[in-house]
Amino acid sequence: MNIEQTIEEHINQIREYYHHLHANPEISFQEQKTAAYIYTQLSAMGMEVHQLPQNAIIGVLPGNSHKKSVGLRAELDALPITEATGMPFASKNAGVMHACGHDLHMTIALGLALILSKKDRSQIGDIVFVFQHAEEKIPGGAGDVLKSSFFQSHKPNVMLALHSFPDLKAGEIGLRGGSYMASGDEIDIIINGPGGHAALPHKTIDTVLVASHVIVGLQQICSRFIPTHIPAVLTFGNIEANSVMNIIPKRVKIEGTFRIMNEEWRSKSLQQIKKLAKGIAESAGAQCTGEIRNGYPSIFNNPEITRQATDALKEIFAAKHIHELPLRMTTDDFGYYAQTIPSLYFRLGVAKTNGECAGLHTPEFMPEFSAVSTGIQSLYTIINKLTE
Ligand SMILES: [Zn+2]
Ligand SMILES: [Zn+2]
């Protein structure tokens, strides 16, 4: 029996996982019930299961110890969004919704675990199923998993993750070798001055003008400081002066996000941002303070693993359904795994056959259920290929 038929044989159980998980979403760091559900399901498959205090569940399915071990990351958390899909299995938790497809990813991981637990595994290595908490909220759950002694003592040779992707149709897969997604850091810059009358700027320091100079000046980070071959973005999305038309405020805060595809230039750029902001503010007589909250590191897909996976997927799906993805400046805490373990993070199409699909993180997001089968088949195929 091939993998597609095996999935079909278990599809009712797999659909039940999905409906349960979709109906019972929990937000980041509060995924206790979801973790308990995953724990029960994996234990029922006869797996060794370990729970971290922060909710993450790790299940290990032993295979041939001479073959490469493979880890698969799925996320437990949902988002603070009120669902508007109108589905019969819609969220039962008011104001919380699986709008990023994490329920779909958990379903795929559970389905794969169920199928592999019943199969002969002498031709594949150990499979480490990581159901990780808090992907959606800094500092993310990946760090807790990586630091845990259980994960370290079962550390896989290769780490995989897939993510729902409304830009592709169900049945399609997207991959990109090398740099794929950016790091993301949050930047607060505060300009302080004595404050004063708007008509008498010569008697004070105009903090609003200084903040404007800082924003304009920092645009040279991406255009002049970072080498041109490294994609980077610096955007300030908020200016907070809390003043009125005729008062120069004592304090102006600007908030931004910095995204880049290179870890070395990430830290160099953050230092330069601090230095420039301080220099610009001080040259105008103002003071500059601030805070940088480090977000997730960039995702680098191991080129050889990506090539092997792409070749294997083209053998089971028509080549026209396997796409090479462009770079993407969004983030995922899977970057932490990819920094230390050869990894592949790829995209699973979830749109309807006509290409329609509401975006991720919207109240209408509803992936096509058939993507579950594509997801399980893809992972099964990639795991077999990597452990050949
Ligand atoms: Zn998300
Ligand atoms: Zn997500």
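This briefing describes the domains, sheets and helix packing of the structure above. The structure is a predicted model, in which local features need pLDDT of at least 70, side-chain atom pairs count only at pLDDT 80 or more, and totals for chains, interfaces and linings use all residues. Residues are numbered from 1 along each chain as its sequence is written, while chains are lettered from A and ligands numbered from 1 in the order in which they are written. The domain assignment gives domain 1 (3-181 + 298-386) and domain 2 (183-294); such bounds come from an automatic or database domain assignment.

**Domains**

- The C-alpha centres of domain 1 and domain 2 are 38 Å apart.
- Seven residues of domain 1 and 10 residues of domain 2 take part in the contact, where two residues are in contact if their C-beta atoms, placed from the backbone, lie within 7 Å.
- The side of domain 1 that touches domain 2 has three nonpolar, four polar and no charged residues. Here Ala, Val, Leu, Ile, Met, Phe, Trp, Tyr, Cys and Pro count as nonpolar, Asp, Glu, Lys and Arg as charged, and the others, Gly among them, as polar.

**Eight-stranded sheet**

- An open sheet with mixed pairing is formed by eight strands in the order E1-E2-E4-E3-E5-E16-E6-E15. Helices (H or I, at least four residues) and strands (E, at least two) are DSSP runs numbered from the N terminus, and two strands pair if DSSP finds at least two bridges between them.
- Strand E1 (48-51) and strand E15 (322-324) each have a single partner strand, so one side of each is left without a neighbour in the sheet.
- Neighbouring strands of this sheet are turned by 25° against each other on average, direction ignored. Axes are lines fitted to C-alpha atoms, for helices over the stretch in contact, and angles run from 0 to 180 degrees between N-to-C directions.
- E1 and strand E2 (residues 57-61) run antiparallel and are joined by four bridges; Glu48 stands opposite Val60 in E2, and Gln51 has Ile57 in E2 as its bridge partner.
- The hairpin of E1 and E2 has five residues between the strands, and Asn55 in the turn has a positive phi of about 105°.

**Helix pair H2 and H4**

- The axes of helix H2 (residues 11-23) and H4 come within 9 Å and cross at roughly 150°.
- That crossing makes H2 roughly antiparallel to H4; angles under 35 degrees count as roughly parallel, over 145 as roughly antiparallel, 65 to 115 as roughly perpendicular and the rest as oblique.
- Residues of H2 in the contact include Tyr17, Tyr18 and Leu21, and those of H4 include Met106, Leu110 and Leu114.
- The contact of H2 with H4 comprises eight nonpolar, four polar and one charged residues.

**Four-stranded sheet**

- Four strands form an open antiparallel sheet in the order E10-E12-E8-E13.
- Its edge strands, E10 (232-240) and E13 (287-294), each pair on one side only.
- The twist averages 20° from one strand to the next.
- Strand E8 (residues 183-192) runs antiparallel to strand E12 (residues 251-260), joined by 10 bridges, and Asp188 stands opposite Glu255 in E12.
- Helix H7 (residues 207-218) packs on the sheet, touching E8, E10 and E12, at about 10° to the direction of E12.
- Helix H9 (residues 263-283) lies across E8, E10, E12 and E13 and runs at about 160° to E13.
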